[in-house]
Amino acid sequence: NRIAAADRSVFGGMRSRAELIARMELNRGYNDMHQAALEEAAAVLDPPGAPDPLMKRMDEYFDARNHPFSRAAHGTVAAIKDEFRVPVAKVAAAAAALGKGQGGIVWRVLGGAYAGFNYPAHFNDRGRQVPFRRGWEDED
């Protein structure tokens, strides 16, 4: 750390950017692997036309570091092979409530919603997708 902190070359100021890229790519790799596992589990557990198919749900951490997208996205559900959709207006409302900006979202906008298959959805994203069934909502 002392060597990197003392580096005044053109690369010295790039450490935080490199760490950001590493975190995002590790998160992407984790969630790509998790997506494949969810698809495999759904293929094994759910026959075609199952009444309560395995789905995926966005699960976010809540603390002062949250991006407004994370607050808006928490709990969003999608079919295993479908994209998540988080309304742009919901993210804007979360940004206003938190007093934060909305920059850094990497998902594309499609029909008034941010759309993406899995995490990361924005810079420094710590969220993850988890398995979900509608029938689990009634359980304590």
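**Ring cluster.** I looked up the aromatic rings and found that ring pairs link F69, F84, W107 and Y114 into a cluster. Rings of Phe, Tyr and Trp (its six-membered ring) pair if their centres lie within 6.5 Å; planes under 30 degrees apart count as stacked, over 60 as edge-to-face and the rest as tilted.

**Basis.** I note that this is a predicted model, where local features need pLDDT of at least 70 and side-chain atom pairs count only at pLDDT 80 or more, while totals for chains, interfaces and linings use all residues. Residues are numbered from 1 along each chain as its sequence is written, and side-chain values use heavy atoms, with hydrogens and water left out.

**Pairs.** I find four aromatic pairs in the structure. One of them joins F69 and W107 edge-to-face, at 5.3 Å centre to centre and 85° between the planes. This pair links distant parts of the chain, 38 residues apart: F69 is in helix α3 (residues 68-73), and W107 is in the loop between α4 (88-98) and β4 (108-110). Helices (H or I, at least four residues) and strands (E, at least two) are DSSP runs, numbered from the N terminus.

**Burial.** I checked both residues: F69 and W107 are buried. Buried means under 20% relative accessible area, exposed over 50%, partly exposed in between (1.4 Å probe, protein chains only).

**Another pair.** I looked at F132 and W136, which are edge-to-face because their ring centres are 6.5 Å apart and their planes are at 85°. F132 is buried, with a relative accessible area of 3%, whereas W136 is partly exposed at 38%.

**Charges over rings.** I see K56 over the face of F84, 4.8 Å from the ring centre. The charged end of R128 sits over the ring of Y61, at 4.3 Å from its centre. The rule is that NZ of Lys or CZ of Arg is within 6 Å of the ring centre and within 35 degrees of the ring normal.
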